[in-house]
Amino acid sequence: MSLSEENTCASIFPKLKSTYLRDGAANQILIRKRLAMLKKKMEVSMQKHLNEVNGLVNQLKSCDVKISDMDIIAYILMSLPPEYDSTKSAIENQPSEHVSLQFVISRLLDAEALLKDRRVSETKAPRSESSNDVAFSTNQRTVVCFKCNKKGHIARFYDKTVVCHHCGKLGHKERNCRFLTRKKPPF
């Protein structure tokens, strides 16, 4: 290809476009595949991720592919990690007349800010060793005896002469042993 023969920009551009712009079916499939396989990484901000999606969409549009906002929304939602599941669910359950690309983008940026705040608050307030993700834990004995300051029994059951038949320690009976795993009812 020789551009020296051309005199105007209008005549140069079509030659450049035909040489360097790949707008065939194979290129469209490749771009659509990259959009479908795209996943947001934890270290990448939501804005950068959305810019990456937008760049791929613009590449598709430059190939004269018509892509709707709903298609773009679907690609964005498919690319999100599981921590955004509640946001994805909230967006998917909106009435279709309320869902727009701008609405989805604003919701995702808000969700990212909330997740960052949650991570910061979790690092500032470390969880105690005995905390559990269960609301009411039944197999842990967290009571403390005020006589001996040991966990697993209360002062009413404290007796230095009593030996536990389960763990062999002094001060409590087998039925009050904190090392004994309680059997749960069969219901």
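Which elements are included in what covers the buried residues of α2? The cover includes α3 (46-62) and α4 (69-78). This is a predicted model, in which local features need pLDDT of at least 70, side-chain atom pairs count only at pLDDT 80 or more, and totals for chains, interfaces and linings use all residues. Residues are numbered from 1 along each chain as its sequence is written, and side-chain values use heavy atoms, with hydrogens and water left out.

**Overall layout**

- The protein chain has six helices and two strands, taken as DSSP runs numbered from the N terminus (helices H or I, at least four residues; strands E, at least two).
- From the N terminus on, the order of elements is α-α-α-α-α-α-β-β.
- Of the 187 residues of the protein chain, 24% count as buried; buried means under 20% relative accessible area, exposed over 50%, and partly exposed in between (1.4 Å probe, protein chains only).
- Among contacts in the protein chain with a separation of 6 or more, 42% come from residues 24 or more positions apart, where contact means heavy atoms within 4.5 Å.

**Helix α2**

- Helix α2 covers residues 25-37, and its 13 residues should span 18 Å at 1.5 Å a residue, which agrees with the 18 Å between its end C-alpha atoms; the expected span is 1.5 Å times one less than the number of residues.
- Asn 27, Ile 31 and Leu 35 are the buried residues of α2.
- They lie on the same side of α2, because they cover an arc of only 75° around the axis; the arc is that of the directions from the helix axis to the C-beta atoms.
- Ala 25, Ala 26, Ile 29, Lys 33 and Met 37 are exposed on the other side of α2.
- An α-helix has 3.6 residues a turn, so residues three or four places apart point the same way.

- The 17 residues of α3 should span 24 Å at 1.5 Å a residue, and the end C-alpha atoms are 24 Å apart, which agrees.
- Buried in α3 are Met 46, His 49, Leu 50, Val 53, Leu 56, Val 57 and Leu 60.
- Their arc around the axis is only 120°, so they are on the same side of α3.
- Asp 64, which follows α3, has a positive phi, near 65°.
- In helix α5 (residues 85-92), the buried residues are Thr 87, Lys 88 and Ile 91.
- These cover an arc of only 100° around the axis and are therefore on the same side of α5.

**Nonpolar core**

- The largest nonpolar core has 27 residues, of which Leu 35, Ile 76, Val 104 and Leu 108 touch the most other members.
- At least two residues of this core come from each of α2, α3, α4 and α6 (101-124).
- A nonpolar core is a set of buried Ala, Val, Leu, Ile, Met, Phe, Trp, Tyr and Cys residues joined through side-chain atoms within 4.5 Å.
- Leaving aside neighbours within four places in sequence, Leu 108 is in contact with Met 46, Leu 50, Ile 76, Leu 80, Tyr 84, Thr 87 and Ile 91.

**Cysteines and the annotated segment**

- The structure holds zero disulfides, a disulfide being a pair of cysteine sulfur atoms within 2.5 Å.
- Cys 9 counts as exposed at 66% relative accessibility, whereas Cys 63 counts as buried at 5%.
- An unreviewed UniProt entry places the feature "domain: CCHC-type" at residues 164-178; such annotations may be inferred rather than shown by experiment.
- Over residues 164-178 the chain is 0% helix and 13% strand, with the end C-alpha atoms 10 Å apart.
- Gly 171 lies in strand β2 (residues 170-171) and counts as buried at 1% relative accessibility.
- Gly 171 and Cys 148 are 23 residues apart in sequence, and their C-alpha atoms are 9.1 Å apart in space.
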